[in-house]
Amino acid sequence: RPPEEASPRRHRGSPRERAMKDWARRWVTRLRKIDDAEAKLPKSLARAKKRPAGECEWIRCCNPHCGKWRAISTAVDGRVLESRGQWFCVMNSWDEELASCAAPQEIPET
């Protein structure tokens, strides 16, 4: 049949719609992984009470070739991480996608 008569079920949306659906699916997966990681946190790292969603703590990678900033999970106490001395991107146990110096920085350069 001609393309204009094609079934709407076979039409999967515009490239932009498909990209947005793919992005949303990856984001939901990422949020689920973060929740799973937070549930597995050692009590020594966990906060007594989560920070409000709008508040964000940051930690900087100590690798001299990296130095990227990473957001700390709302369930993690940033003071505990800082008290341990050096911190590197690979130590990011709450967000696997950013647990590498190769991952992009989360905040813009200042």
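Close-up 1. Cys66 has a relative accessibility of 18% and counts as buried. Buried means under 20% relative accessible area, exposed over 50%, and partly exposed in between, with a 1.4 Å probe and protein chains only. The model is predicted: local features need pLDDT of at least 70, side-chain atom pairs count only at pLDDT 80 or more, and totals for chains, interfaces and linings use all residues. Residues are numbered from 1 along each chain as its sequence is written, and side-chain values use heavy atoms, with hydrogens and water left out.

**Close-up 2. Cysteine sulfurs.** A disulfide is a covalent bond between the sulfur atoms of two cysteines. Here it is taken as a pair of cysteine sulfur atoms within 2.5 Å. The whole structure has zero disulfides. Cys66 is in none; its nearest cysteine sulfur, that of Cys101, is 3.5 Å away. For Cys62, the closest cysteine sulfur is in Cys61, at 6.5 Å, so the distance is too far for a bond. Cys62 is partly exposed, with a relative accessible area of 35%.

**Close-up 3. Met91, after helix H2.** Met91 sits in the segment that follows helix H2 (78-83). Helices (H or I, at least four residues) and strands (E, at least two) are DSSP runs, numbered from the N terminus. Met91 is partly exposed, at 41% relative accessibility.

**Close-up 4. Asn92, buried, with side-chain polar contacts.** Asn92 also lies in the segment after H2. Its relative accessibility is 2%, which counts as buried. The Asn92 side chain makes a polar contact with the side chain of Trp94, at 3.1 Å. A polar contact is a pair of N or O atoms within 3.5 Å; within protein, one must be able to donate a hydrogen and the other to accept it, and residues adjacent in sequence count only if both atoms are side-chain atoms. A polar atom of the Asn92 side chain also lies 3.1 Å from the backbone nitrogen of Asp95. Leaving out residues up to four places away in sequence, Asn92 touches Arg70, Trp87, Leu98 and Ala99. Contact means heavy atoms within 4.5 Å.

**Close-up 5. Residues lining the largest cavity.** Arg30, Lys33, Ile34, Asp95, Glu96 and Glu97 form the lining. By class, one is nonpolar, none is polar and five are charged.

Key: 1 Å grid on protein atoms, 1.4 Å probe; cavity = no way out; pocket = protein on both sides within 12 Å on 5 of 7 lines; lining within 4 Å. Nonpolar A, V, L, I, M, F, W, Y, C, P; charged D, E, K, R; others polar.
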